[in-house]
Amino acid sequence: MKGGQFSRHWGRQFTFTVATLVFTTVFFWTWENNPLLISLLSVQEQFTMHNTDLFVDSADSSSLLNPKEHQIDQEDATTPKDFDNSIDSANWLSDMWACRLTQRTDFSYEGYRWQPKNCEMRKFQRAEFLKRMQDKTIAFIGDSLNRQQFQSLMCMATGGEENSEIENVGWKYGLVKPRGAIRPDGWAYRFPNTNTTILYYWSASLCGIEPINVTDPSTEFAMHLDQPPSFLRQFLPHFDVVILNTGHHWNRGKLKANKWVMHANGKPVADRKLAEMGNAKNYTIYGIVRWLDLQVTLRPKLKVFFRTISPRHFLNGDWNTGGSCDNLTPLSKGSEVFQDESSDPVVEGAVRGTKVNILDITAISELRDEGHISHYSIKASNGINDCLHWCLPGIPDTWNELLYAQL
């Protein structure tokens with residue numbers, strides 16, 4: 001990253017065509033109820049990790065969504081009769097994130113790309129990308145910011161154009177809308193010409209989530225800090241590239257709204273130090289990285305990336321207290337990053353010495369406060385600004401360019 005800078009780039013075809021992609025659902029109000037019965041590390045083992053940043057004292061923060069994880073039993077035999085495997089571009093880009101559909105008139109944020117110093121980063125070529133990813137499955141697992149990266153990559157891989165040949169294969173991964181739910185837990189699409197699949201699964205905490213009392217509709221949920229999402233454990237053998245993220249859902253408001261109760265070693269967390277929000281998050285990140293490091297050892301061709309946290313740019317308050325991000329001038333905070341270390345020391349420390357790669361986007365995204373949805377979201381309420389999510393196309397395209405370069 002050291003010495004990198006942004007430069008103007010007008011030739012990205014998908015940037016100006018993808019704005020036609022509309023009409024998909026927005027927030028994730030779902031439940032996870034089929035947990036993994038495995039443990040990554042004992043509490044004692046994780047508390048002896050070598051990173052001095054593991055335990056932190058930080059104030060809780062709020063973010064925009066309050067969804068609940070959901071996991072359904074997967075059956076991979078045949079396409080369900082009521083499953084519609086036809087797709088359109090509406091499934092790739094949420095209308096609330098397509099800023100060209102809003103009243104925003106300045107789109108200069110679309111025309112910049114990251115240029116590392118002393119390195120010519122190749123332009124994303126969708127045909128070459130799909131050829132490289134022939135017979136491979138790319139899985140994004142994480143919160144709504146990872147969903148944005150997934151949608152960005154779908155738009156980049158399609159050139160922002162509808163393609164009737166692309167198949168909706170979500171049913172293969174149990175990504176179908178449960179009865180009574182607003183939407184499925186994720187999406188999966190297959191490019192038949194290269195047999196490339198790109199999928200997304202929603203898991204904001206990267207923890208295993210299970211109802212404490214399955215017979216009680218108002219039950220609380222065990223948030224197993226030492227278990228990965230059951231979806232990841234179940235389908236990891238089918239994945240060739242995995243991109244993980246977590247971060248913004250680690251606050252007391254989220255846990256209370258979702259009825260999540262921290263567990264470790266199969267029991268509610270009693271250790272006050274582990275129960276501190278920052279420590280619980282770090283404990284989970286280190287644990288899942290260690291587990292994935294073992295999986296890569298067993299499957300050397302598997303590539304795993306842990307994406308660093310996407311920065312928030314709320315000023316003068318938070319999302320629900322008048323905070324805003326009204327700047328529309330690109331790179332007003334500067335155009336270069338000069339640092340060797342990551343701005344996300346937790347992820348950097350967790351992957352150090354492992355076979356899990358870091359996808360470091362924090363510092364370069366910090367300079368792009370003009371690329372947020374701000375108050376332009378179609379679904380926004382008066383006085384509510386989204387300074388967490390990004391306009392699409394936009395900054396997440398750069399994340400995928402960096403992923404493409406590393407692949």
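Glu167 and Arg190 form a salt bridge in which the closest N and O atoms are 2.5 Å apart, a salt bridge being a side-chain nitrogen of Lys or Arg within 4 Å of a carboxyl oxygen of Asp or Glu. The pair links distant parts of the chain, with Glu167 in strand E4 (residues 167-168) and Arg190 in strand E5 (residues 186-191), 23 residues apart; helices (H or I, at least four residues) and strands (E, at least two) are DSSP runs, numbered from the N terminus. Glu167 is partly exposed at a relative accessible area of 29%, whereas Arg190 is buried at 18%, where buried means under 20% relative accessible area, exposed over 50% and partly exposed in between (1.4 Å probe, protein chains only).

## Basis of the model

This is a predicted model, in which local features need pLDDT of at least 70 and side-chain atom pairs count only at pLDDT 80 or more, while totals for chains, interfaces and linings use all residues. Residues are numbered from 1 along each chain as its sequence is written, and side-chain values use heavy atoms, with hydrogens and water left out.

## Other salt bridges

By the rule above, the count comes to eight salt bridges. Among them, Glu370 pairs with Arg368, with the closest N and O atoms 2.6 Å apart, and both of these residues are buried. Arg122, Glu128 and Arg132 are linked in a network of salt bridges.

## Helix H4

Just after H4, Gly159 takes a positive phi of about 70°.
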